[in-house]
Amino acid sequence: MKLYTTWGLALLSSAVLAQEFEVHERPAPAEGWQPRGVVFADLNSNTQLETIWYGDAAGKGLLYLGSNVHTSAPAYTTLDLGFQSIVTVTLVDADQDNEVDVLVSGKKAPSGEPASQLYLNRGNSTFEPSDWIDSLAAIQTLWADWDSDGRKDLLVYGTDADGVLALHAYRHTTDGWERQNSGLPAWLQQTMLPFDADNDGDTDVLITGRASDGTAVAQVYTNQGSFRFQAGTQLPASSVGGATAAGDYNSDGHMDLLLTGTDPTGQAQTLLYLHQGDGYQRAALELEAMVGQTALLADLDHDGSTDVLLAGTKAAGTPGWRLYAQRTEGLQAVNYDTLAQATSLVGVADLTNDGNLDLIQTGSQNDTATVHFWQSLASPNRGPHVPTDPRSVTIANRTLLSWQAPTDDTTAQEALTYEVYVGTYEEGMDIASATAHKGGLRKLVAHGSQGQGTTFTLYDLPDGVYYWGVQAVDNAFRGSECWCAEGQGGSGFCTGLFRVCTDIARADTMLCEGTALTLTTSTGGAWYSTALGFLSESATTTYTATQSDTLYYVGPPDAACQENYSLTVQLAFPDSMQLTLGADTTVCPGEVLSFSADTALGQVRWRSAAQGDLGTDTPLYYTASQRDQVWAELHTAGGCTVWSDTVTISLFETIELLSEEEVRMPEGGSVVLRTAQARTYQWSPAEGLSDPNSDSPVATPDVTTTYVVKATSLDGCALVDSITVIVEPQVTATRLFIPNYFSPNGDGRNEVFKVYGDGIDAFTLQIFDRSGVKVFETTNPSEGWAGDVNGTPQPGGVYLWRISGQFRDGSELTFNGERTGVIRLAR
């Protein structure tokens, strides 16, 4: 393979940034290679990023995984996932296991049909195809949490088997993937860019392309939640068909936008838009006109300022790349065009783990594949300090996590982005994944997916205790260690705790704009606002109403859920719009309640503290299955939202009719079946009972019988219970009784399996599981098996017993003529 030397080339270029890189040749992964793209990820969780090229070779679509590319001895692994050709590859933790998974799009082999397939990372460069597959040959795929449940959802833009452009949206649920109607367009030459346009913690999307009339459009769509998008700012001019990027170029705490592609006349164009007020203003910068394969806004020289990297096709139709360094005197270009003549791809990643971004340059010269590693020589970047003052609060179906921004040695505090993880166990990420290592090294090369805001919202978490942490990310994509909860100390992914409670006090109020509220509680806790975040930590706080809002108070960590409190504030609306659902109520489990509201005032949406959104049907028919709170939201034609009072639904206590699951009686005997107090009783079967409508009938069955009693409680609730009367045969000197069922579940009934009999002289009992393994043995007729082995409970199911020995009269021990039989263990 022919390679060429580029040592000292940077010295021939502009002095800016030239001293910051050292160029090394590396062998290419394969001959006859046509790479389409390059991405980076730590696929093996070994704290080393791998270089992942994708493209076509030898008639196949292949991935080449490069490890140790920063060294003189890189290793390459070829990954064939059954594609005829590959168009695009994206990386994400799709199953919340903190491992990087791979989404591949292109044409499947051998059919050539378009497809996009998700492969789950199982370690050691092994990937398992998931259940998710799409029929589009994706041109671009986009991952983000569009519905704020912690799981990454997906947008797929591409062509179907007929070559028609389409955009498919998928919601990631606990049960898999659900197709959604996002309302987003599928334009010609479309590119999509995820970013938080308004710093509200929700991921928005920039879409560029040519609309149906051929107009070049760059439109921001703001995320309204649950796959609802609203067209927001439209940029004054657009470049379409090239790479786009988001980053805080001027460190003002808002993402700016870099666009490459062609203008309406088809000429190459590069635009940088700075966030200004509620919109964007084009920056007066001279940037190389380019249809980019790579566009990046990041710190490439560890000075805290955001630099610009472009790579792709220049206006003259030749490949090239350009790096711009931001200095106090302005943006200065670094010209690498000598090497750029052989360049098709440029990617950035911290391959040496020094916190600075290195470059991988991939291309060809004289039909020979080339790879060059540009090693950053900037001083080591240790990343930001850890975020401070972590807080959490849950109101109804919404959990808000917040923190204070840390500092960084170079990146401005306002320009830091964040990554949050949430799990159901310590250091777990099964709710929301950070895709990072404990010490802070990130497994993907990107800004923090939570953007620049310092809050993170999750919806519809079940009641329980959760662990969480937050990581700050600087402009070189270096992550901080996560904060540690008080008293834990140490470093890395130390976890904080929060508890989701649905049973809290709620109140509602309507205020004129500017009204000041003084809120007081008996204990010192924390006050939060949906609109403003953290307010104060005290027993009293003052709040001025300037918009519709929800205030909530969270008591100390050891306080009961019922001490938490929420207050819904709605700005001035008529008293006639008040909604009253009625008084709190206590009902039987399973009882159906009906709630109504006047829909002439607007659309009603019903809410439940335990179940979340209950829909818009009026009347609402609600089945009571647990303690809950129900209220209504009225959305008026004038844009106001009015909340009803909250009805607390409690359940009557479920009483236990029978204190025992079974009783024993000798053959020919009787037993009294006593129940708890109720209004009415009905026993079945009636055979063998003195009175089937009594609270204490006398049972005289001839054989073992299970009796079911249906009763009406004193509260009027339907109750059902059962009891088994075991008829024990009279044991003679040569007779045994061996039950066929026991339930060692700790309720004190039928806990031990044993052999019953008298006149036994010699005795051995053995018990085996279904695979033939002996789990119990005894020679003591009074000893039985409690369903465990060395204290470890065994699973429910069928087990085999075997007896041997003799009675005192010399006859052999048998049960119904058998020495073996089965016993069912129930849990």
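Predicted model: local features only at pLDDT ≥ 70, side-chain atom pairs only at ≥ 80, totals over all residues.
Residues are numbered from 1 along each chain as its sequence is written, and side-chain values use heavy atoms, with hydrogens and water left out.

View 1. A cavity is here a set of points, on a 1 Å grid over the protein atoms alone, where a 1.4 Å probe fits but cannot get out, and lining residues have an atom within 4 Å of a point. The lining is made up of Thr502, Asp503, Ala609, Arg627, Asp628 and Gln629. By class, this lining holds one nonpolar, two polar and three charged residues, counting Ala, Val, Leu, Ile, Met, Phe, Trp, Tyr, Cys and Pro as nonpolar, Asp, Glu, Lys and Arg as charged, and the others, Gly among them, as polar.

View 2. Thr648 belongs to strand β46 (residues 647–651), strands (E, at least two residues) being DSSP runs numbered from the N terminus. With a relative accessibility of 12%, Thr648 counts as buried, because buried means under 20% relative accessible area, exposed over 50%, and partly exposed in between (1.4 Å probe, protein chains only). Apart from neighbours within four places in sequence, Thr648 is in contact (heavy atoms within 4.5 Å) with Asp584, Thr585, Arg627, Asp628 and Gln629. Among these partners, Arg627, Asp628 and Gln629 also belong to the lining of the second largest cavity.

**View 3. The largest cavity.** The structure holds two cavities of 30 Å³ or more, and the largest of them contains about 160 Å³ of space. Its lining has 19 residues, and those nearest the centre of this cavity are Leu49, Asp350, Leu441, Arg442 and Phe477. The lining of the largest cavity divides into eight nonpolar, seven polar and four charged residues.

**View 4. The surroundings of His447.** His447 sits in the loop between β30 (417–423) and β31 (455–459), and this residue is buried, with a relative accessible area of 16%. A polar atom of the His447 side chain lies 3.3 Å from the backbone oxygen of Ala246. Leaving aside neighbours within four places in sequence, the residues in contact with His447 include Ala246, Met255, Leu297, Arg442 and Phe477. Of these, Arg442 and Phe477 are also among the residues nearest the centre of the largest cavity.

**View 5. The salt bridge of Asp303 and Arg327.** The side chains of Asp303 and Arg327 form a salt bridge, at 3.0 Å from N to O. This pair links distant parts of the chain, with Asp303 in the loop between β21 (290–298) and β22 (307–314) and Arg327 in strand β23 (residues 319–327), 24 residues apart. Asp303 is partly exposed at 30% relative accessibility, and Arg327 is partly exposed at 24%. A salt bridge is a side-chain nitrogen of Lys or Arg within 4 Å of a carboxyl oxygen of Asp or Glu, and a search of the whole structure finds 20 of them.

Technical notes:
Helix = DSSP H or I, 4+ residues; strand = E, 2+ residues; numbered from the N terminus. Polar contact = N/O pair within 3.5 Å; in protein donor to acceptor, adjacent residues only side chain to side chain. 1 Å grid on protein atoms, 1.4 Å probe; cavity = no way out; pocket = protein on both sides within 12 Å on 5 of 7 lines; lining within 4 Å. Points joined across faces, edges and corners; volume = space filled by probe spheres on them.
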